[in-house]
Amino acid sequence: MKTGSSIGISRMKPCCNILILGRNSSVFGYPHPKGGHFTEYNLSKSQSKSYCLMKNKCFYSIKILGFRSVIDSNRRVFCGSGSNWGQSRVPSVNWGEKNNKFLSVIANVASNTRNHSSSVEPRVNENSFEKIYIQGGFNVKPLVIERIEEGQDLVGKDEGVEKEHKSKVDDGANASTDQFGKAEVLESKPTRHLSEVEKEAWELLRGAVVNYCGNPVGTVAAADPADKQPLNYDQVFIRDFVPSALAFLLNGEAEIVKNFLLHTLQLQSWEKTVDCYSPGQGLMPASFKVRTVPLDGRVGEFEDVLDPDFGESAIGRVAPVDSGLWWIILLRAYGKLTGDYTLQERVDVQTGIRLILNLCLSDGFDMFPTLLVTDGSCMIDRRMGIHGHPLEIQALFYSALRCAREMLTVNDSTKNLVVAVNNRLSALSFHLREYYWVDMKKINEIYRYKTEEYSTEAINKFNIYPDQIPGWLVDWIPETGGYFIGNLQPAHMDFRFFTLGNLWAIVSSLSTSKQSEGILNLIEEKWDDLVAQMPLKICYPALEHEEWRIITGGDPKNTPWSYHNGGSWPTLLWQFTLACIKMERPELARKAVALAEKRLPVDQWPEYYDTRYGRFIGKQARLHQTWTIAGYLTSKLLLDNPQLASILSWNEDYELLENCVCGLKSGIRKCSRLTARSHVAAET
């Protein structure tokens with residue numbers, strides 16, 4: 001063992017240079033793009049292999065900062081067919097086992113992140129959470145990645161690197177991501193034959209795959225062949241890719257997910273500015289697009305370029321708050337389903353997690369543990385009156401915190417962050433369970449609220465006026481169920497039922513077991529309202545008449561019972577399935593899947609459905625919507641392998657209820673957590 005300097009990559013701008021001989025030449029029969037216009041080619045394995053044998057050079061322009069770490073002298077960075085990405089943020093190419101070709105990374109540095117911690121140190125009173133630096137003025141050259149031509153000897157600065165890598169590949173120590181996935185998942189895969197609907201869905205999902213430098217990195221939002229104006233539906237969205245990623249992982253295909261996680265992590269550090277203002281350092285993009293553009297001054301040469309959107313091009317210019325949360329959730333799922341935990345232990349990945357957490361846990365003026373966000377910052381990305389503390393963001397925030405707590409490497413530089421995560425989880429779970437939950441009893445309590453209470457022991461803490469209880473809710477709420485309301489702010493409760501937030505409350509155990517049962521009871525009781533002819537309503541009920549005009553601004557896309565205003569979204573099916581399996585109610589999920597299975601292929605897999613009961617295909621819905629397809633496939637795979645649902649969900653953590661840091665245990669001001677503890681004790 002020795003102490004040395006290793007490379008931390010803070011910004012990387014990747015590109016893939018492809019030399020195409022001749023001005024009018026083509027790649028495998030496809031004309032090359034002109035004028036920077038992007039055309040997506042999904043190449044087969046044989047095509048990808050030929051593609052890589054051309055003069056093709058993937059390289060990175062890197063701004064490098066360093067950090068000190070304890071390094072195992074026997075571990076070096078070396079990427080090959082067996083290691084995919086290795087220990088550095090560089091893409092691999094599938095060369096095939098028998099060709100035995102490798103990518104060499106000419107860098108004499110690496111880190112053993114499993115056994116040793118890096119001093120990625122937080123600095124007090126500075127805007128950036130991480131300061132990764134070089135001790136001793138060590139000069140670092142950019143990483144250079146060269147593909148080795150067939151028959152050429154591998155030559156590195158240290159011959160031991162090649163020998164060690166070869167022996168590790170032979171021993172299976174550096175098994176590829178796919179090997180991890182197949183070892184874990186395929187053992188439990190069913191032997192039944194796929195239905196024609198499933199075969200069609202898999203074909204469409206694979207057809208939506210996007211390649212970057214010859215490697216799969218995600219799926220486009222929609223691949224509607226009749227869509228002449230795709231807008232941003234031809235991009236890879238972080239939230240949209242999650243069901244696709246789970247479908248691939250559950251099917252034993254992990255390479256695309258690993259590539260996606262690392263490439264989006266790379267984009268996290270890119271500069272993003274709107275009107276001379278830059279958001280937080282840890283912000284993840286909403287989406288990215290792979291563009292093939294000509295190289296300046298080089299006739300016939302092209303490069304692949306990742307073009308991210310952090311919200312500066314989005315309608316309304318809203319930052320995607322949920323992207324980083326989904327990224328953390330998917331990172332945990334990747335490790336759980338493949339058994340490959342080395343990815344989440346990498347220093348760059350650990351740094352990415354901490355940057356996201358720093359953005360979410362930064363101090364502000366808010367009095368509550370919930371995240372304060374603007375309208376349109378999540379799946380509901382248009383004006384729908386969810387600004388403030390929407391349930392969807394809080395449920396994903398809670399899930400991401402639980403994921404991060406599992407994955408963070410605990411050392412001197414992260415111990416304060418781990419404490420902050422635990423404290424936030426504790427406060428957040430209490431806040432949501434106590435103030436967001438409504439059932440018949442709670443609504444009757446709100447109905448009798450006194451207002452204008454000025455006291456630390458006030459019952460009506462948010463000064464909610466009883467007249468805010470909407471007329472539809474009085475007759476709609478069942479006797480045996482309940483749900484988490486959509487939003488809570490001073491003098492305002494949004495009583496709409498938002499499906500995604502309630503389902504993730506179940507999956508993450510943000511809700512108690514009794515509350516989780518209550519949510520599913522409500523969905524079953526109100527099946528005709530929340531499922532009807534196509535699962536599932538994104539929210540219920542729709543905003544109508546004057547309320548629609550005031551809250552949405554008269555949005556022509558969010559008309560009543562359309563799109564985000566009460567539309568039916570089949571992609572929510574996989575989250576419903578996960579929640580049902582966790583609560584041992586798979587029959588509800590099977591009923592919903594069977595309902596969707598009859599219509600989706602006939603209707604060409606629409607993005608969403610309109611009308612109160614989901615009878616019509618959405619008036620502006622894209623067809624061949626990828627997360628509709630992936631949501632269906634993930635649901636089928638989970639129902640075939642219900643034991644895997646427990647890997648993707650969480651059980652109750654009773655320690656969270658015990659951890660209270662407010663210090664109000666005695667005296668005039670008392671902690672209200674004792675009430676929550678008594679509720680949980682009564683349930684168990």
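User: In what order do the strands of the open sheet of 4 strands come, and how do they pair?

Analyst: Strands of a sheet pair through backbone hydrogen bonds, and the pairing is either parallel or antiparallel. In this predicted model, the open sheet has 4 strands in the order E12-E13-E14-E15, and the pairing is antiparallel.

User: Which are the edge strands?

Analyst: Strand E12 (437-439) and strand E15 (539-540) are the edges, and each pairs on one side only. Strand E14 (residues 492-498) is joined to E15 by 2 bridges, with the two running antiparallel. Phe497 has Tyr540 in E15 as its bridge partner.

User: Which helices go with these strands?

Analyst: Helix H12 (residues 440-447) packs on the sheet and touches E12 and E14. The direction of H12 makes about 95° with that of E12. Helix H14 (residues 499-507) lies across strand E13 (482-489) and E14, at about 80° to E14.

User: How is a pair of packed helices described?

Analyst: The description uses the angle between the two axes and the distance between them. Here, helix H6 (residues 255-268) packs with helix H7 (residues 321-338) at an angle of about 145°, and their axes are 11 Å apart. The crossing of H6 and H7 is left-handed.

User: Which residues make the contact?

Analyst: H6 contributes Val257, Lys258, Phe260, Leu261, Thr264 and Leu265, while H7 contributes Trp327, Leu330, Leu331 and Tyr334. By class, the contact of H6 with H7 has 8 nonpolar, 1 polar and 1 charged residues.

User: How many helices and strands does the protein chain have?

Analyst: The protein chain has 23 helices and 17 strands. Of its 684 residues, 57% are buried.

Conventions:
Residues are numbered from 1 along each chain as its sequence is written. This is a predicted model: local features need pLDDT of at least 70, side-chain atom pairs count only at pLDDT 80 or more; totals for chains, interfaces and linings use all residues. Side-chain values use heavy atoms; hydrogens and water are left out. Buried means under 20% relative accessible area, exposed over 50%, partly exposed in between (1.4 Å probe, protein chains only). Axes are lines fitted to C-alpha atoms, for helices over the stretch in contact, and angles run from 0 to 180 degrees between N-to-C directions. A crossing is left-handed if the near helix is turned anticlockwise from the far one by less than a right angle, and right-handed if clockwise. Contact means heavy atoms within 4.5 Å. Ala, Val, Leu, Ile, Met, Phe, Trp, Tyr, Cys and Pro count as nonpolar, Asp, Glu, Lys and Arg as charged, and the others, Gly among them, as polar. Two strands pair if DSSP finds at least two bridges between them.
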